[in-house]
Amino acid sequence: MFERFTKDARAVVKGAVECVEGARGRTVGAEHLLLALLEREGSRASFALAALGAGERKESVRRALEEARRRAGLSQAETDALAGLGIDVSEIVARVEQAHGVGAMSSDRKDKGWRSGRPGFGKDAKEVLEKALRVALARRERHIGDEHILLALTVRPGVAAEVLADHGVTHESLTRVLGGAGEACA
């Protein structure tokens, strides 16, 4: 599949790996793909993010992703559902972090020990990359660009899609900015 990736899409994947390596993490997740997309300049995805105003709010997106990581990767919707059952995720996070340190509930803690080799791709990141292929095919495009990765992030439920939507980046708004087929490729 990577042979169909454009230079920009490959740079996003490489950037996501570098993001994980820099944090001494073990697994590339969908949020790392989003962080790598935020760093891109001069690509279709960076143009779309800028056109939707997310380019100026990169720090806000990063903070929202960090908060989700502190909540063990739970989306706000999942946190709200748990609250409906009487479970206060904020209180749980506060207690765990008080006992074990900030970030104790995140999946890739720095003190877990570093294994040699490259970080692997988590299920969510693999799903995003597979979805990017389906998005490109639905748009009748032969190559997978960084814009397809961004579109895939908006249609796959999870923290990345929620954070993007909270910052005005939805599948519909991206399709308007990028043009082309508006199919969600469920």
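The model is predicted, with local features requiring pLDDT of at least 70 and side-chain atom pairs pLDDT 80 or more, while totals for chains, interfaces and linings use all residues. Residues are numbered from 1 along each chain as its sequence is written, and side-chain values use heavy atoms, leaving out hydrogens and water.

**Exercise 1.** Determine which residues of helix α3 are buried and what they pack against.

Solution. Helices are DSSP runs of H or I with at least four residues, numbered from the N terminus, and α3 spans residues 44–51. Taking buried as under 20% relative accessible area with a 1.4 Å probe, protein chains only, one finds Ala45, Ser46, Ala48 and Leu49. Because these residues cover an arc of only 160° around the axis, they lie on the same side of α3, the arc being that of the directions from the helix axis to the C-beta atoms. The buried residues of α3 pack against α2 (30–39), α8 (146–155), α9 (159–166) and α10 (171–178), where contact means heavy atoms within 4.5 Å.

**Exercise 2.** Describe how α7 and α8 cross, and name residues that make the contact.

Solution. The axes of α7 (residues 123–138) and α8, as lines fitted to C-alpha atoms over the stretch in contact, with angles from 0 to 180 degrees between N-to-C directions, come within 8 Å and cross at roughly 110°. The two helices, α7 and α8, are therefore roughly perpendicular, a term for angles of 65 to 115 degrees. The contact includes Val128, Leu129 and Lys131 of α7 and His148, Ile149 and Leu151 of α8.

Terms used
Buried means under 20% relative accessible area, exposed over 50%, partly exposed in between (1.4 Å probe, protein chains only). Angles under 35 degrees count as roughly parallel, over 145 as roughly antiparallel, 65 to 115 as roughly perpendicular and the rest as oblique.
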